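Open the model in your viewer and follow the selections below in order. Each stop names what to select and then what is there.

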Amino acid sequence: MAEDQPPTPAHDADQDEARRDDEGHLVLSSPEQFKALGHPMRQRMVNVLRQRPATLRQLAGALGMSKGTIGYHVRVLREAGLVRLTETRRVRGGTEQYFALAGKSFKLDRGAEVGPEFLINAALGEMLPNAPDRISHTSLRHLWLTEDEARALDLRLRALAAEPHPADPAHGEAYGLLLSLFPADVPNLPPDDAADPSD
């Protein structure tokens, strides 16, 4: 029986066509990308691949699906430029292919037809039910900010989101962090003129 061979780097033709920003984030802009990510199984697959490259067999085990089903979803993600073949490895006379995300993370293009609701729906889809023994926090606040204050807060939130965090499943359990600063549709009350006797 042949011994396992070291991995061979693979070149996926799709990886060069995807648009990335200066920090290596894959910029999502095409309808094909949003359609591919709109399926809950493919969303889960992307979240698993954030940890490291994996084979179809490894993905099938992690997600509890058949290799055929996983292969179909990987093909959809590859055709959309979201996942690429990163290496091949000879194992016991066969060949295993390793797949990875096409960028270190995804970022919405400012001109994309979908907006923050796409990310909000993705977060809602992966949220586990509240339980007394789970740490979680969700709140909605409204702030009245000048343009300079809003810009400063935006920079702080971007820095928080960019901080490196452990991505090792052996380190702990997965938590999601959804940050959003947005102009809110909240009307302003006029000043309260208590001295106005006309009321």
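Which residues form a nonpolar patch on the surface? The model is a predicted one; in it, select Leu119, Ile120, Leu124, Met127 and Leu178, which make up this patch with about 450 Å² of accessible area together. Keep Leu178 selected: this residue lies in the segment after α6 (147-162). Leu178 counts as partly exposed because its relative accessibility is 44%, and that class runs between 20% and 50%.

Next, select helix α4, residues 67-79. The helix has 13 residues, and from first C-alpha to last it reaches 18 Å, close to the 18 Å expected at 1.5 Å a residue. Show the side chains along α4 and pick out Ile70, His73, Val74, Val76 and Leu77, which are among its buried residues; Gly71 is buried as well.

Select Thr88 and look across to β4, where Gln97 stands opposite. Then move to the hairpin of β3 and β4: two residues lie between the strands, and Arg92 in this hairpin takes a positive phi near 45°.

Notes: Residues numbered from 1 in each chain as written. Predicted model: local features only at pLDDT ≥ 70, side-chain atom pairs only at ≥ 80, totals over all residues. Heavy atoms only, no water. Helix = DSSP H or I, 4+ residues; strand = E, 2+ residues; numbered from the N terminus. Expected span 1.5 Å × (residues − 1). Buried < 20%, exposed > 50% of the residue type's maximum accessible area, 1.4 Å probe, protein only. Patch = residues over 30% accessible without salt bridge, like charges linked within 9 Å, V, L, I, M, F, W, Y side chains within 5 Å. Areas by Shrake-Rupley, 256 points an atom, 1.4 Å probe, with all protein chains shown as cover. Salt bridge = Lys/Arg side-chain N within 4 Å of Asp/Glu carboxyl O. Pairing = 2+ DSSP bridges.
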